[in-house]
Amino acid sequence: MLSDRIQLDGTTRTRLPEETWQALAPALAPRYGISRVARLTGLDSLGLPVYTAIRPASQTLTATQGKGATDLLAQISAVMEAIELWHTEQPIPAHAFGSYREITPPYPFSALPLKNVGAGLERVRLEWTTATGLIRGTHALVPCDTIRRSAHRPTWQPDIFRATSTGLAVGNTVQEAALHGMFEVIERAALHADDLSGGRHRTLIDPGSVTDPYCADLIGRLTTAGATLELVHVGNQYGVPVCTAYVWSEDYPVWAAGGGCHTDPHIALSRAITEAAQSRLTCIAGTRDDLPADEDLFRHPAPAPVPASCTAFTPWDQLIADLPPWRGTFADHARTVAQRIEAVTGHEPLCTDLTQPGEQIHAVKIICPGTRSRTRRAIPR
């Protein structure tokens with residue numbers, strides 16, 4: 001049963017996890033090509049739930065990972081990641097054909113994620129699909145190549161866009177999916193700006209000052225497992241909490257990083273922590289297609305990490321004092337976050353609905369002209 005908002009540990013949804021899984025399970029193999037969903041948690045010593053979903057015929061990643069407060073939430077997360085990519089592999093309907101100068105969409109061409117910048121690119125004839133503004137609901141065209149994967153890109157068309165998974169999301173409703181897509185856009189834009197500043201937007205969080213029950217439990221479990229944990233709040237222009245987390249332990253001596261963004265600061269923090277655990281387990285499992293091998297990792301004794309200066313820590317409650325969580329409906333929530341993005345970029349965020357007929361969930365690609373994201377995979381510490 002769909003509800004306005006169901007508060008869960010580490011997330012908010014419009015449907016109970018059991019109901020989401022019931023809607024997804026019958027379509028895993030026949031529609032999405034997901035042949036197996038496996039629990040990875042036991043491969044690591046941390047104990048935080050992490051799952052993987054396998055799509056053998058994938059045109060992008062064969063293995064996707066997911067995390068959550070429970071096994072079921074982690075299982076759903078892994079499957080949702082796979083379903084997101086499946087949608088980008090399907091043909092994107094083209095509603096117009098022409099150059100940027102002929103189409104004249106309501107944003108500068110340079111505000112799109114271009115691989116290179118040049119005035120001549122505005123004269124390149126492209127395929128365009130329809131998107132809907134998340135504030136005023138007006139329609140606008142966006143290049144199909146900002147969404148689709150190369151397998152469906154016409155061979156005669158120049159490859160000029162950075163088509164990434166940023167802003168790609170799946171949810172129980174369009175508003176739920178759009179909201180989570182915008183959070184991802186904000187997170188990656190904030191990390192990009194912080195990277196350009198040399199890390200000057202960061203504030204170290206005192207882990208011992210975190211009193212939210214779920215976040216405190218995550219921190220306690222990692223500490224009990226003997227892991228070193230660093231938590232960071234990343235300030236940004238959007239006024240939405242963005243956090244990163246870094247985990248290290250002697251049994252797998254690599255800094256694993258995770259990021260999280262949400263208007264509820266506790267959810268942003270918990271997502272960063274659980275994603276760091278997921279990133280670490282992804283490397284341990286070794287099944288993701290695009291990860292480099294760490295062949296030299298265990299050839300020498302692992303040096304202990306250099307800890308961050310204790311004098312730099314800031315209490316969590318002090319950091320989030322002016323960042324109260326949102327309590328409205330999903331539709332109002334999505335509109336408010338879209339308005340914050342427009343206030344920074346000057347352009348309305350756009351939503352392309354990728355949902356196929358007969359699906360029990362909704363898939364979207366959020367395109368926010370004027371935002372930028374990092375090209376490096378790892379989140380620098």
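Q: Which residues of α8 are buried?
A: In this predicted model, a residue counts as buried under 20% relative accessible area. Within α8, that applies to F330, H333, A334, T336, V337, A338, I341 and T345.

Q: Against which elements do the buried residues of α8 pack?
A: They pack against β2 (11–13) and α4 (174–196).

Q: How is the packing of two helices to be described in general?
A: Two values are used: the angle between the helix axes and the distance between those axes. For α4 and α8, the axes come within 9 Å and cross at roughly 30°. Angles under 35 degrees count as roughly parallel, and α4 and α8 are therefore roughly parallel to each other. Their crossing is left-handed.

Q: Which residues make the contact of α4 with α8?
A: From α4 the contributors are Q175, E176, L179, M182, F183 and I186. From α8 they are F330, A331, H333, A334, V337, A338 and I341. Sorted by class, this contact has ten nonpolar, two polar and one charged residues.

Q: How do helix α1 and helix α2 pack, in angle and in axis distance?
A: Helix α1 (residues 17–24) and helix α2 (residues 71–89) pack at about 40°, and their axes are 10 Å apart. The two helices are therefore oblique to each other. The crossing in which α1 passes α2 is left-handed. On the α1 side, the contact is made by P17, E18, T20, W21 and L24; on the α2 side, by L72, L73, Q75, I76, V79, M80 and I83. These residues divide into nine nonpolar, two polar and one charged.

Q: How many of the 19 residues of α2 are buried?
A: The count is 16 of the 19, so α2 is largely enclosed by the rest of the structure. The length of α2 can be checked as well: at 1.5 Å a residue, its 19 residues should span 27 Å, and the end C-alpha atoms are 28 Å apart, which agrees.

Q: What is the arrangement of helix α5 and helix α6?
A: The axes of helix α5 (residues 213–224) and helix α6 (residues 265–285) come within 9 Å and cross at roughly 25°. They are therefore roughly parallel to each other, and α5 passes α6 in a left-handed crossing. Here Y214, C215, L218, I219 and L222 of α5 meet H266, L269, S270, I273 and T274 of α6. By class, the residues divide into seven nonpolar, three polar and no charged.

Q: Is L229 buried or exposed?
A: L229 is buried, with a relative accessible area of 14%. This residue lies in strand β11 (residues 228–234). Setting aside residues up to four places away in sequence, L229 touches P207, I219, L222, A245, Y246 and V247. Among these, I219 and L222 also belong to the α5 side of the contact with α6.

Q: Where does A69 lie, and what does it contact?
A: A69 is in the loop between β5 (63–67) and α2. Neighbours within four places in sequence aside, A69 is in contact with D9, P49 and Y214. A69 and L231 are 162 residues apart in sequence, and their C-alpha atoms are 18 Å apart in space.

Q: Is A321 buried or exposed?
A: A residue over 50% relative accessible area counts as exposed. A321 has 57% and is therefore exposed; its place is in the loop between α7 (316–319) and α8.

Q: What is the phi of T104?
A: T104 has a positive phi of about 50° although it is not a glycine. It lies in the loop between α3 (100–103) and β7 (126–133). T104 is exposed, with a relative accessible area of 56%.

Note on methods. Residues are numbered from 1 along each chain as its sequence is written. This is a predicted model: local features need pLDDT of at least 70, side-chain atom pairs count only at pLDDT 80 or more; totals for chains, interfaces and linings use all residues. Side-chain values use heavy atoms; hydrogens and water are left out. Axes are lines fitted to C-alpha atoms, for helices over the stretch in contact, and angles run from 0 to 180 degrees between N-to-C directions. Helices (H or I, at least four residues) and strands (E, at least two) are DSSP runs, numbered from the N terminus. Angles under 35 degrees count as roughly parallel, over 145 as roughly antiparallel, 65 to 115 as roughly perpendicular and the rest as oblique. A crossing is left-handed if the near helix is turned anticlockwise from the far one by less than a right angle, and right-handed if clockwise. Contact means heavy atoms within 4.5 Å. Ala, Val, Leu, Ile, Met, Phe, Trp, Tyr, Cys and Pro count as nonpolar, Asp, Glu, Lys and Arg as charged, and the others, Gly among them, as polar. Buried means under 20% relative accessible area, exposed over 50%, partly exposed in between (1.4 Å probe, protein chains only). The expected span of a helix is 1.5 Å times one less than its number of residues.
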